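Notebook open, model loaded. I'm jotting down what I look up as I go.

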Amino acid sequence: MLQFSREVAFATAHVYASFAENRGAWDARLEALLVDALVRGERSEEIGGRAAALGWSALSPVTVVVGATPEGVADPHAAVRRAARALRSDVLVGVHADQLVVVLGGPEELPPVVARVAEEFGPGPVVSGPVVDGLGRAGESAAAALAGLRAARAWPEAPRPVSADALLPERALDGDPLARAALRDEVAVPLLAAGSGVLETVRAVLGSGGNLEASARAIFVHPNTVRYRLKRAAELTGLSATDPRGAWTLQVALALAHLDRERSLWE
């Protein structure tokens, strides 16, 4: 009786172990396919069902984080999952070429999760895409993050992690049409709509290296007028012409707008 019970117990344990191993391998393949589909920009209705099969419960918000795959780590997927789930975030992990792609969702405040997960990436920049309202739009976040990762080498001092939106000028120079459109719509067009005075002042400040008094003399206005117009420009674009990073973004946005084929913007 004891011998028979022991054999039955061992056989049952073997069946459960085999089932768990097969289920784990299937889940890994499904997760890899799902992340690959998101990177390729698919918006199939099946994506939500596939993610739910992997335990994904978040409806919104969602962001995608990309960076180098860590070297010498036996299972980087497990390390990322532990870091994300410790902060109660849903997570999907995949490797695209030599890049680690992480999809995060769930908490209302995703930046702390992104900062913690970034520690599990390999050396080099880590870029987070814009936050989107659901897994169905995660492809948009992934596209921006991957474009930011390609362009991040042009900003060696970039923080880690860095948002894809903070890399808009580098992405635009790298040929990203989405970044170019964003700079036009969010920077160039608002400045033009604000009137010639604001645009003229921004150009003068950029040309003087941020010297407000020199800018005021160049356009024959009082320095306080320059300050008022710069404040107005900052309200419209979120960028300061006296801040080095803001000035760089403004310069790129205005230069690209002038090179844009839609000359009607400036006519």
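Predicted model: local features only at pLDDT ≥ 70, side-chain atom pairs only at ≥ 80, totals over all residues.

Started with Arg 88, which is exposed at a relative accessible area of 77%. My cut-offs: buried is under 20% relative accessible area, exposed is over 50%, and partly exposed is in between, with a 1.4 Å probe and protein chains only. Numbering goes from 1 along each chain as its sequence is written, and side-chain values use heavy atoms, with hydrogens and water left out.

Arg 88 sits in the loop between helix 3 and strand 2 (90–96). I take helices (H or I, at least four residues) and strands (E, at least two) as DSSP runs, numbered from the N terminus. I looked up phi for Arg 88 and got a positive value near 60 degrees, in a residue other than glycine.

Phe 220 also has a positive phi near 60 degrees. I find Phe 220 in the loop between helix 9 and helix 10, and it counts as exposed at 76% relative accessibility.

Next, the peptide bonds: Arg 160 and Pro 161 are joined by a cis one, with omega about 0 degrees. Pro 161 belongs to the loop between helix 5 (138–151) and strand 5 (162–163). Reminder of the background: most residues other than glycine have a negative phi, and most peptide bonds are trans.

Checked Val 73 too, in the loop between strand 1 (62–68) and helix 3 (76–86). Val 73 is partly exposed, at 40% relative accessibility. Its C-alpha is 9.6 Å from that of Glu 120, 47 residues apart along the chain.

**Whole chain**

I count 11 helices and 5 strands. Of the 267 residues, 42% are buried. For contacts (heavy atoms within 4.5 Å), I looked at pairs with a separation of 6 or more: 64% of them join residues 24 or more positions apart.

**Helix 9 against helix 10**

How do the axes of helix 9 and helix 10 cross? They come within 8 Å, at roughly 100 degrees, for residues 212–219 and 223–237. Axes here are lines fitted to C-alpha atoms, for helices over the stretch in contact, with angles from 0 to 180 degrees between N-to-C directions. So helix 9 and helix 10 are roughly perpendicular, a label I use for 65 to 115 degrees. From helix 9, Leu 212, Glu 213, Ala 216 and Ile 219 meet Pro 223, Val 226, Arg 227, Arg 229 and Leu 230 of helix 10.

**Cores**

The largest nonpolar core has 27 residues, and Leu 183, Leu 191, Val 202 and Leu 250 have the most contacts inside it. By core I mean buried Ala, Val, Leu, Ile, Met, Phe, Trp, Tyr and Cys residues joined through side-chain atoms within 4.5 Å. Elements giving two or more residues to this core are helix 6, helix 7 (177–193), helix 8 (196–207), helix 9, helix 10 and helix 11 (244–259). Another core lies apart from it, with 23 residues, including Leu 92 and Val 103.

Leaving out residues up to four places away in sequence, Leu 250 touches Val 187, Leu 191, Val 202 and Leu 206, among others.

Last entry: is Arg 171 buried or exposed? It's buried, at 4% relative accessible area, and it belongs to helix 6 (residues 168–173). Beyond four places in sequence, the contacts of Arg 171 include Asp 165 and Asp 176.

How values were computed. Parallel < 35°, antiparallel > 145°, perpendicular 65-115°, else oblique.
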